[in-house]
Amino acid sequence: MIPVFPDSKVALKGKKGLVVGIANDQSIAWGCARAFRALGADLAVTYLNDRAKKHIEPLAQALEAPIFMPLDVMVEGQTEAVFERIKSEWGQLDFLLHSIAFSPKEALHGRVVDVGRDGFLKTMDVSCWSFLRMAHLAEPLMKDGGTLFTMTYYGSQMVVENYNIMGVAKAALEASVRYAAAELGPKGIRVHAISPGPLATRAASGIPEFDELMDKAQSKAPSRSLVSIDDVGNATAFLALDGAKLITGGVLYIDGGYHIID
């Protein structure tokens, strides 16, 4: 009988993964990338632009990433270029981590009913559609199945003060996960939304009164503790293992149980 949990140092050996969304060493994507690499996976890493490159390049080197490329999903052709490079160098992709979201300040900081069309479209484009586009490009590279991950948040299900239009985008993203899981499942491709509790990341810094949100989460969560990027990384990496091959289409909350509390 094959063990469900193989040797942890080689559990993902030979697997190829793409990690999108590392901004610095506090990023959720960085915690996930470290966990994937600790299990033996080879990683392709992207960075947003030249300004971000200097912060991310040392992290990519620590991961021994053989593919390190720019990827701004709002720049025409950059997404496709990353997948073409993976196709030419690896010829396969076993998992993809999509950990990016964006909303213009005027859209994020205002009421949902006041959001302009341009702000709404940009929020949905980066935060939701880009995941579907990557899933489309990853599909032919996942010849023997694979796993797609994206990052969501509790504000997709409940109204969280100051989360505003991003909550709408995350709700759409979670619906996209369900539909993608149904469509890609026959090919052995699993799709997951990962929902961490509040984390002090660069992305979260754009949300007003985020410190108060973290204090509330810590005081009300059953675990009475905040989640770390390593907590998120370890749980996400588990879902990339063969032992999780029949888990798909859902939202995995990594928040100390905060989402069950009124």
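In which helix is Ala-138 found? The exercises below begin with this residue.

The model is predicted, so local features require pLDDT of at least 70 and side-chain atom pairs count only at pLDDT 80 or more, while totals for chains, interfaces and linings use all residues. Residues are numbered from 1 along each chain as its sequence is written, and side-chain values use heavy atoms, with hydrogens and water left out.

**Exercise 1. Describe the setting of Ala-138.**

Step 1. Ala-138 belongs to helix H5, residues 117-138. Helices (H or I, at least four residues) and strands (E, at least two) are DSSP runs, numbered from the N terminus.

Step 2. The relative accessible area of Ala-138 is 0%, so the residue is buried. The classes are buried under 20% relative accessible area, exposed over 50%, and partly exposed in between, with a 1.4 Å probe and protein chains only.

Step 3. Not counting residues up to four places away in sequence, Ala-138 touches Phe-83, Leu-93 and Leu-148. Contact means heavy atoms within 4.5 Å.

Step 4. Ala-138 and Phe-95 are 43 residues apart along the chain, and their C-alpha atoms are separated by 8.5 Å.

**Exercise 2. Determine the place, burial and contacts of Met-142.**

Step 1. Met-142 lies in the loop between H5 and S5.

Step 2. With a relative accessible area of 2%, Met-142 is buried.

Step 3. Its contacts, leaving aside neighbours within four places in sequence, are Leu-93, Asp-94, Phe-95, Leu-96, Thr-147, Leu-148 and Ile-189.

Step 4. Gly-188 is 46 residues from Met-142 in sequence, and the C-alpha to C-alpha distance is 8.5 Å.

**Exercise 3. Characterise Gln-92.**

Step 1. Gln-92 is placed in the loop between helix H3 (78-89) and strand S4 (95-98).

Step 2. Its relative accessibility is 27%, so Gln-92 counts as partly exposed.

Step 3. Gln-92 touches Gly-14, Lys-16, Ile-86 and Leu-141, when residues up to four places away in sequence are not counted.

Step 4. Leu-252 is 160 residues from Gln-92 in sequence and 26 Å away in space, C-alpha to C-alpha.

**Exercise 4. State the backbone phi and the setting of Glu-64 and of Asn-164.**

Step 1. Glu-64 is not a glycine, yet its phi is positive, at about 55 degrees. It lies in the loop between helix H2 (50-62) and strand S3 (67-70), and Glu-64 is exposed, with a relative accessible area of 56%.

Step 2. Asn-164, also not a glycine, has a positive phi of about 50 degrees. This residue is in the loop between strand S5 (146-151) and helix H6 (165-184), and Asn-164 is partly exposed, at a relative accessible area of 23%.

**Exercise 5. Decide how many disulfides the structure holds, and treat each of Cys-32 and Cys-128.**

Step 1. A search of the whole structure finds zero disulfides. A disulfide is a pair of cysteine sulfur atoms within 2.5 Å.

Step 2. For Cys-32, which is in no disulfide, the nearest cysteine sulfur is that of Cys-128, 19 Å away. Cys-32 is buried, with a relative accessible area of 0%.

Step 3. Cys-128 is likewise in no disulfide, and its nearest cysteine sulfur is that of Cys-32. Cys-128 counts as buried at 5% relative accessibility.

**Exercise 6. Locate Tyr-258 and list its contacts.**

Step 1. Tyr-258 is in the segment after strand S7 (251-254).

Step 2. At 8% relative accessibility, Tyr-258 counts as buried.

Step 3. Leaving aside neighbours within four places in sequence, Tyr-258 is in contact with Tyr-154, Lys-216, Ala-217, Lys-220, Ala-221 and Pro-222.

Step 4. Ser-225 is 33 residues from Tyr-258 along the chain, with 9.6 Å between the C-alpha atoms.

**Exercise 7. Summarise the protein as a whole.**

Step 1. Its secondary structure comes to eight helices and seven strands.

Step 2. A compact globule of 262 residues would have a radius of gyration near 18 Å, and the protein agrees, with 18 Å. This radius is taken over C-alpha atoms, and the globule rule is 2.2 Å times the number of residues to the power 0.38.

Step 3. Of the 262 residues, 49% count as buried.

Step 4. Among contacts between residues at least 6 apart in sequence, 74% join residues at least 24 apart.
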